[in-house]
Amino acid sequence: MSITELLEGFADLEPFAAEVKRDPRTVRRWLNQPDGLPYTKLGNRILIHIPTAREWMLGRIHRPNPRRQTAT
């Protein structure tokens with residue numbers, strides 16, 4: 001198994017931030033939250049597993065409270 005195959009599905013922090021259209025500092029804040037974005041480190045590289053990040057983001061979807069909707 002090559003290193004390329006091993007790292008398939010992972011993205012470095014900066015390209016990941018560009019892909020989700022956020023500043024890398026914002027992504028770093030996500031990493032440091034108590035229930036933050038999962039990541040791994042290889043040396044100084046921060047790697048984000050794309051399928052896990054997608055699952056994390058989907059888990060943070062907010063749905064409006066139907067009882068709080070305003071009458072139209």
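Lys and Arg are counted here as positive and Asp and Glu as negative, with His and the chain ends left out. On this count the chain carries 12 positive and 8 negative side chains, and 12 Å separates the centres of the two sets. The model is a predicted one, and every value reported below is computed from it.

The chain contains 4 helices and 3 strands. Their order along the sequence is α-β-α-α-β-β-α. The C-alpha atoms occupy a box of roughly 60 × 25 × 20 Å along the principal axes. The radius of gyration of the chain is 16 Å, whereas a compact globule of 72 residues would have a value near 11 Å. Of the 72 residues, 22% count as buried. Considering contacts between residues at least 6 apart in sequence, 45% join residues at least 24 apart.

In soluble globular proteins, nonpolar side chains tend to be buried together. The largest nonpolar core of the chain comprises 12 residues, namely Ala11, Leu13, Phe16, Ala17, Val27, Trp30, Leu31, Leu37, Ile46, Ile48, Ala53 and Trp56. At least two residues of this core come from each of helix 2 (13-19), helix 3 (24-32), strand 3 (45-49) and helix 4 (50-58). Leu31, one of the core residues, is in contact with Leu13, Leu37, Tyr39 and Ile46 when its neighbours within four places in sequence are set aside. Leu13, Leu37 and Ile46 are likewise listed among the members of the core.

Residues up to four places away in sequence not being counted, Ile50 touches Gly9, Ala11 and Phe16. Ile50 and Ser2 are 48 residues apart in sequence, and their C-alpha atoms are 19 Å apart in space. Pro51 is also found in helix 4, and it is partly exposed at a relative accessible area of 40%. The C-alpha atoms of Pro51 and Phe10 are 8.6 Å apart, with a sequence separation of 41 residues.

Arg25 is located in helix 3. Its relative accessibility is 60%, so Arg25 counts as exposed. Between Arg25 and Glu8 the C-alpha to C-alpha distance is 24 Å, and the two residues are 17 apart in sequence. Lys21 is placed in the loop between helix 2 and helix 3. Lys21 has a relative accessibility of 67% and therefore counts as exposed. The backbone of Lys21 has a positive phi of about 60°, although the residue is not a glycine. Most residues other than glycine have a negative phi.

How values were computed. Residues are numbered from 1 along each chain as its sequence is written. This is a predicted model: local features need pLDDT of at least 70, side-chain atom pairs count only at pLDDT 80 or more; totals for chains, interfaces and linings use all residues. Side-chain values use heavy atoms; hydrogens and water are left out. The radius of gyration is taken over C-alpha atoms; the globule rule is 2.2 Å times the number of residues to the power 0.38. Buried means under 20% relative accessible area, exposed over 50%, partly exposed in between (1.4 Å probe, protein chains only). Contact means heavy atoms within 4.5 Å. The place of a charge is taken as NZ of Lys, CZ of Arg, CG of Asp or CD of Glu. A nonpolar core is a set of buried Ala, Val, Leu, Ile, Met, Phe, Trp, Tyr and Cys residues joined through side-chain atoms within 4.5 Å.
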